[in-house]
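Here are a few notes to read alongside the model. Keep the viewer open and follow along point by point.

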Amino acid sequence: MRRSLAIYIVVAIVVVAVAATVLWFYQAQSAPSAPAPQTQSTTAQVSGTLTVLVPTGDPTLMPYIQLAANEFMKKYPNVKVIIEPVPFGQMVQTALTALQNKNPDPSLIIFYPSQASTLGPYLADLRPYFNSGLFNKSDIPMSALVSVVMVSRNGTITKIFGVPFQMVFGYVLVYRKSIFDNATLQAEFKQEYGFDLNPLTWSSWNQLIDAAEFLQSKHVAKYALLFPDGLQQAIFNGFITVFYTYALNDSCVGIPADVAKGAVPTQGYWAYFRYTANGAINITVGCPSFLQALRTYKKLVQFQPPITVQAMEYDQLRDLFLTGDYAMVAAWTSFIPIYNNASISKVAGDIAIAPLPGGRNPYGTGLAPTFIGINPYAKNPDLAAQFIAFLISPEMYKLGAEKVGFVPATISGIEAASQVPSMSWLRPFVPLLKAGANVTDIQRLTLVNRVTNFFTDLRPYFINQVANYLRGQQDAETTQLNIYNTWLNIMKVS
C-alpha cells in the first residue's frame, strides 16, 4: 500500500523545486547582505526569555513545542521559553494586536497558510538567517515556502517571513481496513458500480461519493464519510481541496500550465486570485469550476450529521473518527497518531491511508505546513532564530516523532522520523520531498500573500455563505454571486 500511496500522492508533493531553481535564484539577487546571527561559544552565554504563541487544536503541535522548549532550556540553562496557548479562532487577532502595537512579546508566532497573508507584513524578514546558513535552505522543501514568500511585480523576492516546521499531508482519506477488505462487499460493489471498492484506485469525487452511498446503505458503520464543514476554518480548507480539482480544467481560473501537469504547490488559496491582462488582481470565484465544486462539496458532507446539528471542525475530525462510528474520514495526517492510539481509539490498527481522489491524479491531497515567524520587536530576535533552528534540527525532530508522533517539515527531519517504528508510514514521503518540478509562475503562486485581509475579512464571509448553502438556505448560484461580489468590494491588496 505504501508503494501505491507514494505513486498517488506524488502529484501533490513534487513541487519541491517551486523555488529550488527559481525562488532561491531570485533570493540571491534580492536578499540584503546578511549580518551573521549572534553565535555563542558556550551555552552559558546564551540567555534570555522567549515567548511562543501556539494555536491549540492540533494533537501533536503543542506537545512538540513544549518538548522542544524543555530540551532547549536543558541545553541553554540561562534561557526561559514560555508557551502561550491561544484558541485557533483568536490566534490571528492576538498576534496582530501584539505586532501592530510593536509589543516585544510574543517573540515567536506559529501560524498556518491561510493566515500568512494577514501576518506577513508584520513579521520579521528571515532571509538573513537563511543566507547565513542558520536555517538550512537545502533541507526545506521549497514548495512549503510558497505561503511565506513576498514577491514584487518584477519577480524579485522581497521577504520570507516564516519557516515551515510541521508538515501536514492533507487532506488524506483515512479508512477502515476491516470494512473495505470484506470480500462480499467488494464483489457486490464491483457488480453494482463497475469499479473496485478500493480507495487507492479511485480517480474522482464521484467514485468516493458512490462508495459512501453504498457503505451507508449497507450499515457497516453509523456514518460512511466524515468530511470537513466546520465554521471556523474547515469549510475553507475543505472546499479549496475540491475547487482546485475542478479549476485545473477551467481556463477561467488559469492554473499555470506546469502546475496543472501535476506540480501542486502548498495549499491552493492562490487559485482564488489571478492577474488580469492589464496587471490588476481579479478573483476566480465567478468561474464555472467554482459552481461545480460547490455542488460536489455538498454531496461530500451528506454522509454525516448535518451542519445544523454538528459542524465538523478539526476537533470533530480528530475525535469522532476514533469512536468507530465512521467508515472513512478526510483528515490531516497529524491526526494519525490519535487514530492509532489504542488507549483512546476504537479504530487503532484498523486504518489505511489513500489520497483524496479529486481527479485523474489525486489533486485533492497536498502540503499544508505549519509555520513559525519572528516578532521584529522581540527583545532578542537572534535567540528566537536560534530556537527555530533547534526546532527544525533532525535530532529534535526524531525525538518529537518518538515522543508525540510529530511530522517534521524538513527532508532530513522526515528521514529521521520515518525510522521511528510508529512513524514508518512516512517513508514513502522521503523521495517525494526530494523530487522536483519546473514551476515557473512564482508570482501567481504567491499572489494571495498580497491580499492582506484574506484571513480576517474574506475567509469569514466565504465560510458564512457556504454554510448557508449547506444548510439549504440559498442555492449554489446565489452563494457564488454573493461571495464574488463581496470579495471584489472588500479585498485589500498590498
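1. H10 is mostly covered, with 14 of its 14 residues buried (under 20% relative accessible area with a 1.4 Å probe, protein chains only). This is a predicted model, where local features need pLDDT of at least 70 and side-chain atom pairs count only at pLDDT 80 or more, while totals for chains, interfaces and linings use all residues. Residues are numbered from 1 along each chain, and side-chain values use heavy atoms, without hydrogens and water.

2. H10 covers residues 234-247 and reaches 20 Å from its first C-alpha to its last, close to the 20 Å expected at 1.5 Å a residue.

3. Of its 180 residues, Tyr272, Phe273, Met328 and Trp487 touch the most other members. H10 gives the largest share of this core, 10 residues.

4. Which residues does Tyr272 touch? Leaving aside residues up to four places away in sequence, they include Phe239, Ile240, Phe243 and Trp487 (heavy atoms within 4.5 Å).

5. H10 also meets helix H12 (residues 288-300): their axes come within 8 Å and cross at roughly 125°. Among the residues in contact are Gly238 and Phe239 of H10 and Phe290 and Ala293 of H12.

6. Helix H9 (residues 205-218) packs on H12 at about 25°, with axes 10 Å apart, so H9 and H12 are roughly parallel. Trp205, Leu208 and Ile209 of H9 meet Thr296, Lys299 and Leu300 of H12.

Definitions and conventions
Helices (H or I, at least four residues) and strands (E, at least two) are DSSP runs, numbered from the N terminus. The expected span of a helix is 1.5 Å times one less than its number of residues. Buried means under 20% relative accessible area, exposed over 50%, partly exposed in between (1.4 Å probe, protein chains only). A nonpolar core is a set of buried Ala, Val, Leu, Ile, Met, Phe, Trp, Tyr and Cys residues joined through side-chain atoms within 4.5 Å. Axes are lines fitted to C-alpha atoms, for helices over the stretch in contact, and angles run from 0 to 180 degrees between N-to-C directions. Angles under 35 degrees count as roughly parallel, over 145 as roughly antiparallel, 65 to 115 as roughly perpendicular and the rest as oblique.
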